[in-house]
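Hello,

Here is the structure I promised to pass on to you. Please have a look at it first; my notes follow below.

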Amino acid sequence: MALINTTIKPFKADAYRNGEFITITDADLKGKWSVVFFYPADFTFVCPTELGDLADNYAEFQRLGVEIYSVSTDTHFVHKAWADASDTIKKIQYTMVGDPTGTITRNFDVMIEEAGQALRGTFVINPEGEIKVCEIHDLGIGRSATELLRKIQAAQYVATHDGEVCPASWQPGSETLAPSLDLIGKI
C-alpha cells in the first residue's frame, strides 16, 4: 500500500529532547510540517552522520516551520545515553523518539522484522497529518539534510500554489509548471 497522501496512524511514545524525557503522540505532528526520520539504531556508524547533519541544519528546518522527529527502535533511555556519550548526538535539539515496540516503525512500513530495526525512512508530513514525501533507503545509504530541505520547500510550495508543480531539481525562486494540455510533448 502506498503511504503518500495517507494520514499518519495513531501512536504514543516516550522520547528524549534537550535533556528531558517527554511523551509524544501523533497529535503532536499535526498543525505544522513535520519530518519523521527513521534510522536503524543508536551507537552505530551511518546513523550519527545523518542525525548530525539534521542537527547542523535544524535552524533552517525551524525557519520553514518544520519539526523533526528521529525514530529508532531503541528506548528513550538509550537516546539519552547516546547523547551523553557522543558530541555529534549531544548537539541535537529535535525530538528523538523511542519505539521499542516497533509500533511507529510498522505504522510507516519501515520495520526490518528479522532485525527489529528500522530502514532509513524519511517522511514529510503536512499540517493535516498527511504524508507528502516518503523516501526509504537501504541501511548503507546515508541521507542529506540539504536535499530533504529542498523537498520540503517543494512540498510547501505545491501546498500553497494550487495548479503548480515543481520540476526536477526545483529550487525556491525557480520556475514551476502549470500542467495543461498545452505542455504535453513540449517539455
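C47 takes part in none, and the nearest cysteine sulfur, that of C134, is 18 Å away. C47 is buried at a relative accessible area of 1%, while C134 is partly exposed at 33%. In these notes, buried stands for under 20% relative accessible area, exposed for over 50%, and partly exposed for anything in between (1.4 Å probe, protein chains only).

Before you read on, please keep in mind that this is a predicted model: local features need pLDDT of at least 70, side-chain atom pairs count only at pLDDT 80 or more, and totals for chains, interfaces and linings use all residues. Residues are numbered from 1 along each chain as its sequence is written, and side-chain values use heavy atoms, with hydrogens and water left out.

**The cores**

The largest nonpolar core has 27 residues, and those with the most contacts inside it are V35, L51, L54, F61, Y94 and I152. By nonpolar core I mean a set of buried Ala, Val, Leu, Ile, Met, Phe, Trp, Tyr and Cys residues joined through side-chain atoms within 4.5 Å. Two or more residues each come from β3 (33-38), α1, α2 (58-63), β4, α3 and α6 (145-160). Helix α6 gives the most, with five residues. The helices (H or I, at least four residues) and strands (E, at least two) are DSSP runs, numbered from the N terminus.

If you click on L54, you will find it in contact with F37, F61, I68, Y94, A145 and L148, leaving aside neighbours within four places in sequence; contact means heavy atoms within 4.5 Å. There is also a second, separate core of 19 residues, which includes I8, A13, V36 and A118.

**Helix α3**

Which residues of α3 (residues 76-85) are buried? They are H76, H79, W82 and A83. These residues lie on the same side of α3, because they cover an arc of only 115 degrees around the axis, the arc being that of the directions from the helix axis to the C-beta atoms. The face turned away from this buried side carries the exposed residues F77 and A85. Among the elements covering the buried residues of α3 are β1, β2 (20-25), α1 (46-56), β4 (66-72), α4 (87-90) and β5 (95-98).

Y16 is in strand β1 (residues 12-17) and is buried, with a relative accessible area of 9%. Leaving aside neighbours within four places in sequence, Y16 touches several residues, including H76, H79 and A83. A polar atom of the Y16 side chain lies 3.5 Å from the backbone nitrogen of G19.

T105 sits in helix α5 (residues 103-107) and is buried, at a relative accessible area of 0%. Beyond four places in sequence, T105 has contacts that include F38, V71, D99 and A118.

V46 belongs to helix α1 and is partly exposed, at 25% relative accessible area. With neighbours within four places left aside, V46 is in contact with R120, L139 and G142. V46 and L139 are 93 residues apart along the chain, yet their C-alpha atoms are separated by 8.3 Å.

Best wishes

Note on methods: A polar contact is a pair of N or O atoms within 3.5 Å; within protein, one must be able to donate a hydrogen and the other to accept it, and residues adjacent in sequence count only if both atoms are side-chain atoms. A disulfide is a pair of cysteine sulfur atoms within 2.5 Å.
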